Amino acid sequence: MHLLDVHFIWGNVPNVAFQTYLPWDHPVRVLMHAHYYRSETTVFDSVNTLTAKKALLHRSTAFTFESLQQVLNDQVVNFVYTPFATQLEARGLLGEKEMYPIAEDFADFHERVHKYVVEYIGMYYKDEHDVAKDKPLLQCWKHMSKSMHGLPDLNLDSLKDTLSEIIFR
């Protein structure tokens, strides 16, 4: 479900972790700030306008409010961190330009985002040791992994790949 996966998980969980565990001048928080600017407001507003009792989502479905809450809860509990390319591949859509144009656009955009993240992170983290000694980042990652099941263990490559994936989403 788009609302939960994109906004509540991809858009909110990392943002909360960055703001909670990383000092304002931490390189990862600085990198991600521009990509998360005011996203918490969007999530908060959507809770009130979409998921509350008798709000838009409740009124537009046949679910009782309790059933709708269960569906939303199940979606959050069953969320598994999966890179977009892996999702496309699992659906047979990776490279399907005619049927699914975003598959082509995705590859170009994701490549550029990844290059941007790799270059930025490379200015602050030279090797695995730099990542391993960053205590706030370790706490941040631990927080994210509680809701983003399947998040890879933190290392230099997973940091670059995951931040790229978060920005892409």
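Mentor: Start with the order of the elements. From the N terminus on, the protein runs α-α-α-α-α-α-α-α-α-α-α. Keep in mind that this is a predicted model.

Trainee: How many helices and how many strands are there?

Mentor: The protein has 11 helices and 0 strands. Its C-alpha trace spans about 55 × 40 × 25 Å along the principal axes. Of its 169 residues, 37% count as buried.

Trainee: What share of the contacts with a separation of 6 or more comes from residues 24 or more positions apart?

Mentor: That share is 66%. The accessible surface comes to about 10,000 Å², and 55% of that belongs to carbon and sulfur atoms.

Trainee: Which residues touch the most other members of the largest nonpolar core?

Mentor: They are F18, V28, I121, L159 and L163, in a core of 30 residues. The elements giving two or more residues to this core are α1 (2-10), α2 (13-21), α3 (27-36), α8 (102-124), α10 (135-147) and α11 (156-168). Helix α11 gives the most, with 5 residues.

Trainee: What does L163 contact beyond its neighbours within four places in sequence?

Mentor: L163 is in contact with F18, V28, L31, M32, V117 and I121.

Trainee: Which residues of α2 are buried?

Mentor: V13, P14, N15, A17 and F18 are the buried residues of α2. They pack against α1, α3, α4 (39-51), α10 and α11.

Trainee: Why is the pair R169 and E165 called a salt bridge?

Mentor: The closest N and O atoms of R169 and E165 are 3.0 Å apart. The cut-off is 4 Å, between a side-chain nitrogen of Lys or Arg and a carboxyl oxygen of Asp or Glu. The pair R169 and E165 therefore qualifies.

Trainee: What makes D130 and K133 a salt bridge?

Mentor: Their N to O distance is 3.7 Å. That is within 4 Å, so the label applies. By this rule the count comes to 2 salt bridges.

Trainee: Are the partners buried or exposed, or something in between?

Mentor: E165 has 3% relative accessibility, so E165 counts as buried. D130 is at 16%, which is under 20%, so D130 is buried too. R169 has 24%, which falls between 20% and 50%, so R169 is partly exposed.

Trainee: How do you know that H110 is buried?

Mentor: Its relative accessibility is 15%. Buried means under 20%, so H110 passes. H110 is found in helix α8. Leaving aside its neighbours within four places in sequence, H110 is in contact with S164, E165 and F168. E165 is also the salt-bridge partner of R169.

Trainee: Why is K54 called exposed?

Mentor: K54 has 58% relative accessibility. K54 lies in the loop between α4 and α5 (56-59).

Trainee: What is the phi of K54?

Mentor: The phi of K54 is positive, about 65°, although K54 is not a glycine.

Trainee: How many positive and negative side chains does the protein have?

Mentor: There are 16 positive and 22 negative side chains. The centres of the two sets lie 7 Å apart.

Technical notes
Residues numbered from 1 in each chain as written. Predicted model: local features only at pLDDT ≥ 70, side-chain atom pairs only at ≥ 80, totals over all residues. Heavy atoms only, no water. Buried < 20%, exposed > 50% of the residue type's maximum accessible area, 1.4 Å probe, protein only. Helix = DSSP H or I, 4+ residues; strand = E, 2+ residues; numbered from the N terminus. Contact = heavy atoms within 4.5 Å. Areas by Shrake-Rupley, 256 points an atom, 1.4 Å probe, with all protein chains shown as cover. Lys, Arg positive; Asp, Glu negative; His and termini not counted. Charge placed at Lys NZ, Arg CZ, Asp CG, Glu CD. Core = buried A, V, L, I, M, F, W, Y, C linked by side-chain atoms within 4.5 Å.
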